[in-house]
Amino acid sequence: MLHIYIKQNTLVKRIDFEFSKDELPSNILWIDLIYPSIDEVQYISSKFNIEFPSKEEREEIELSAKYWEDSATITINAHFLIKELNNNKRKDINFNTEIVTFITRSNILFTIRYSEFSTFTEIQARILASPKNFEDGFDIIDKIFEVRVEKDADLLEWIDKEARKLRISVLEKKDEYSYDKMLKDISNLQELNMEVRDSLFDKRRTMTSLLKSDKIDKDIKQNLVIVLKDLNSLVEFSVSQLNILDNIQTILASQINIEQNKIIKLFTVATVAMMPPTLIGTIYGMNFKNMPELDLEYAYPMVLFIMIISIILPVVFFKKKGWL
């Protein structure tokens with residue numbers, strides 16, 4: 001599917017373009033290829049003399065695969081986090097990393113993506129509502145990265161709130177919040193935080209490279225510098241957040257050890273308390289003929305009384321020691 005944004009005087013118009021039926025308009029600002037077919041990619045590539053990276057090239061991790069520039073074009077492969085909501089009772093939130101390709105040529109922006117992004121929806125609305133703020137494709141790239149960094153900031157704030165809830169739950173030891181669920185939630189937050197941090201690193205490398213380009217005007221570079229400062233502060237925040245989550249995990253591990261020690265203490269006390277009556281019962285369970293106590297009239301209740309006392313005394317002793 002091709003969405004083409006054209007600028008006519010002071011207005012921006014969106015066109016749902018079908019290359020088999022329509023003719024390319026003039027004054028193109030942005031061509032957004034979403035879930036494009038091979039024919040659509042080849043059509044745009046031949047019309048504008050640009051080369052879109054293959055799937056393998058888009059997924060490579062080295063810097064040269066993330067950003068490259070020649071005399072006519074700039075190509076960027078950027079990571080974007082998208083949120084998915086599972087259809088189950090807990091409504092777990094999952095985040096996946098998708099790659100978006102940006103190409104600029106003759107001040108026109110070309111994007112190719114295979115997922116829906118709220119960032120793009122917001123940018124499209126901004127372009128149509130405030131067309132005067134978007135003169136070329138570089139203005140759009142600038143705003144896309146600005147909005148994406150804002151959303152990453154919101155995501156880190158959400159992680160921070162969830163981490164605080166987890167910390168309170170660990171310290172208060174709420175019965176309805178099991179240790180297994182706590183460990184799973186901590187692990188999920190750690191994984192998400194690392195994904196956000198990797199996404200921020202990816203954007204920082206891209207924006208740093210853009211600032212070195214001579215194709216971008218001064219105003220855009222100034223705004224990118226501001227966004228880059230915000231991004232650096234988010235990277236620091238994400239690192240501190242990982243330390244906080246590690247601290248929560250350490251506290252939880254300590255809580256689990258304490259609970260295990262309590263259980264071991266309980267079984268130890270029970271074992272020690274039952275040893276004397278077990279010994280007494282074993283002695284009087286032997287079948288020797290010469291056992292004078294067997295002939296006593298009150299031997300049975302006396303032995304029962306001694307066995308009960310032998311259970312109570314160790315329990316009282318351990319209670320005073322603070323084991324119970």
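This is a predicted model: local features need pLDDT of at least 70, side-chain atom pairs count only at pLDDT 80 or more; totals for chains, interfaces and linings use all residues.

Modeller: Let's start with the parts list: the chain has eight helices and seven strands. Residues are numbered from 1 along each chain as its sequence is written, and side-chain values use heavy atoms, with hydrogens and water left out.

Now the overall shape. The C-alpha trace spans about 120 × 40 × 35 Å along its principal axes. The chain's radius of gyration is 35 Å, whereas a compact globule of 324 residues would come out near 20 Å. (That radius is taken over C-alpha atoms, and the globule rule is 2.2 Å times the number of residues to the power 0.38.) Of the 324 residues, 40% count as buried; buried means under 20% relative accessible area, exposed over 50%, and partly exposed in between, using a 1.4 Å probe and protein chains only.

On to the part itself. Helix α5 covers residues 137-172 and helix α7 covers 218-283; their axes come within 9 Å and cross at roughly 20 degrees. Axes here are lines fitted to C-alpha atoms, for helices over the stretch in contact, and angles run from 0 to 180 degrees between N-to-C directions. So α5 and α7 are roughly parallel to each other. The labels work like this: under 35 degrees is roughly parallel, over 145 roughly antiparallel, 65 to 115 roughly perpendicular, and the rest oblique. The α5 and α7 crossing is left-handed, meaning the near helix is turned anticlockwise from the far one by less than a right angle (clockwise would be right-handed). The contact between α5 and α7 has 19 nonpolar, five polar and five charged residues. In that scheme, Ala, Val, Leu, Ile, Met, Phe, Trp, Tyr, Cys and Pro are nonpolar, Asp, Glu, Lys and Arg are charged, and the others, Gly among them, are polar.

Helix α5 also packs with α6, at an angle of about 155 degrees and with the axes 10 Å apart. That makes α5 roughly antiparallel to α6. The crossing of α5 and α6 is left-handed, and this contact has 18 nonpolar, four polar and five charged residues.

Let's zoom in on α6, residues 179-211, where you'll find D185. D185 is buried, with 13% relative accessible area. Leaving out residues up to four places away in sequence, T206 touches Y67, I76 and F145, where a contact means heavy atoms within 4.5 Å.

Last, a couple of loop residues away from the packing story. Most residues other than glycine have a negative phi. Y35, in the loop between β3 (28-34) and α1 (38-48), has a positive phi near 45 degrees. Y35 is partly exposed, at 47% relative accessible area. N49 has a positive phi too, about 55 degrees, and isn't a glycine. You'll find N49 in the loop between α1 and α2 (55-59), and at 58% relative accessibility N49 counts as exposed.

Note on methods. Helices (H or I, at least four residues) and strands (E, at least two) are DSSP runs, numbered from the N terminus.
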